[in-house]
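Subject: Structure handover

Hi,

Here is the structure I said I would pass on. Please open it alongside this note.

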Amino acid sequence: MGSTTDSHGNVVYKTRIHGRLWRIRLMPSKQMGQDWGRCDHPPGRHPKIDLKKSLSKFNLLDTTIHEVLHAARPELDEETVDVTATTIARALYRMGWDRTI
């Protein structure tokens with residue numbers, strides 16, 4: 001599924017997590033405040049993950065994995081999600097992962 005833009009001009013990606021359609025939105029820093037990412041807990045009718053679009057490539061990768069883990073495995077504690085996301089992000093980044101938006 002490709003990307004679209006919402007009515008505010010934010011880039012929106014759609015993906016399925018456990019059979020439900022989730023929106024992943026790249027949001028301006030001023031709307032995210034100090035948060036790098038947010039995941040709907042529990043997911044509502046239209047579940048979403050918001051990511052701060054000004055993050056560096058590595059931090060955006062790490063944060064995306066982190067928030068998707070929360071959506072896919074809500075029973076995991078924060079430390080497990082954090083360590084797992086960063087481990088996966090480091091491996092992908094060292095393999096040359098790059099984002100195209």
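Below is what was found in it, from the whole chain down to single residues.

**Ground rules**

This is a predicted model: local features need pLDDT of at least 70, side-chain atom pairs count only at pLDDT 80 or more, and totals for chains, interfaces and linings use all residues. Residues are numbered from 1 along each chain as its sequence is written, and side-chain values use heavy atoms, with hydrogens and water left out.

**Overall fold**

The chain has three helices and five strands. Both are DSSP runs numbered from the N terminus: helices are H or I with at least four residues, strands are E with at least two. Reading from the N terminus, the order is β-β-β-α-β-β-α-α. The radius of gyration is 13 Å, close to the 13 Å from the globule rule for 101 residues, so the chain is as compact as a globular protein of that length. That radius is taken over C-alpha atoms, and the rule is 2.2 Å times the number of residues to the power 0.38. Along the principal axes, the C-alpha atoms fill a box of roughly 35 × 30 × 30 Å.

The accessible surface comes to about 6,500 Å². Carbon and sulfur atoms account for 52% of that surface. Areas come from the Shrake-Rupley method with a 1.4 Å probe; for residues, only the protein chains shown count as cover. Of the 101 residues, 32% count as buried. Buried means under 20% relative accessible area, exposed means over 50%, and partly exposed is in between (1.4 Å probe, protein chains only).

Contacts are heavy atoms within 4.5 Å. Take those between residues at least 6 apart in sequence: 40% join residues at least 24 apart.

**Salt bridges**

The structure holds four salt bridges. The criterion is a side-chain nitrogen of Lys or Arg within 4 Å of a carboxyl oxygen of Asp or Glu.

- Arg25 and Asp50: the closest N and O atoms are 2.7 Å apart. Arg25 lies in strand β3 and Asp50 in strand β5 (residues 48–52), so the pair ties together parts that are 25 residues apart in sequence. Arg25 is buried at 15% relative accessibility. Asp50 is buried too, at 6%.
- Arg38 and Asp35: the N to O distance is 2.8 Å. Arg38 is partly exposed at 33%, and Asp35 is partly exposed at 35%.
- Glu75 and Arg73: the closest N and O atoms are 2.4 Å apart. Glu75 is exposed at 53%, while Arg73 is partly exposed at 40%.

Ile65 is found in helix α2 and is buried, with a relative accessible area of 15%.

His66 is buried at 9%. With the same exclusion of residues up to four places away, His66 touches Glu78, Val81, Asp82 and Ala85. The His66 side chain makes a polar contact with the side chain of His70, at 3.1 Å. A polar contact is a pair of N or O atoms within 3.5 Å; within protein, one must be able to donate a hydrogen and the other to accept it, and residues adjacent in sequence count only if both atoms are side-chain atoms.

**Surface patch**

Ile88, Leu92 and Met95 make a nonpolar surface patch of about 290 Å². Patches use residues with over 30% relative accessible area and no salt bridge: like charges are joined within 9 Å, nonpolar side chains (Val, Leu, Ile, Met, Phe, Trp, Tyr) within 5 Å. Met95 sits in the segment after α3 (78–94) and is exposed at 70%.

Lys14 is in strand β2 (residues 11–17) and is partly exposed at 36%. Lys14 and Ser3 are 11 residues apart in sequence and 7.1 Å apart in space, C-alpha to C-alpha.

His18 is in the loop between β2 and β3 (20–27). His18 is exposed, at 64%. Most residues other than glycine have a negative phi. His18 is not a glycine, yet has a positive phi of about 50°.

Best wishes
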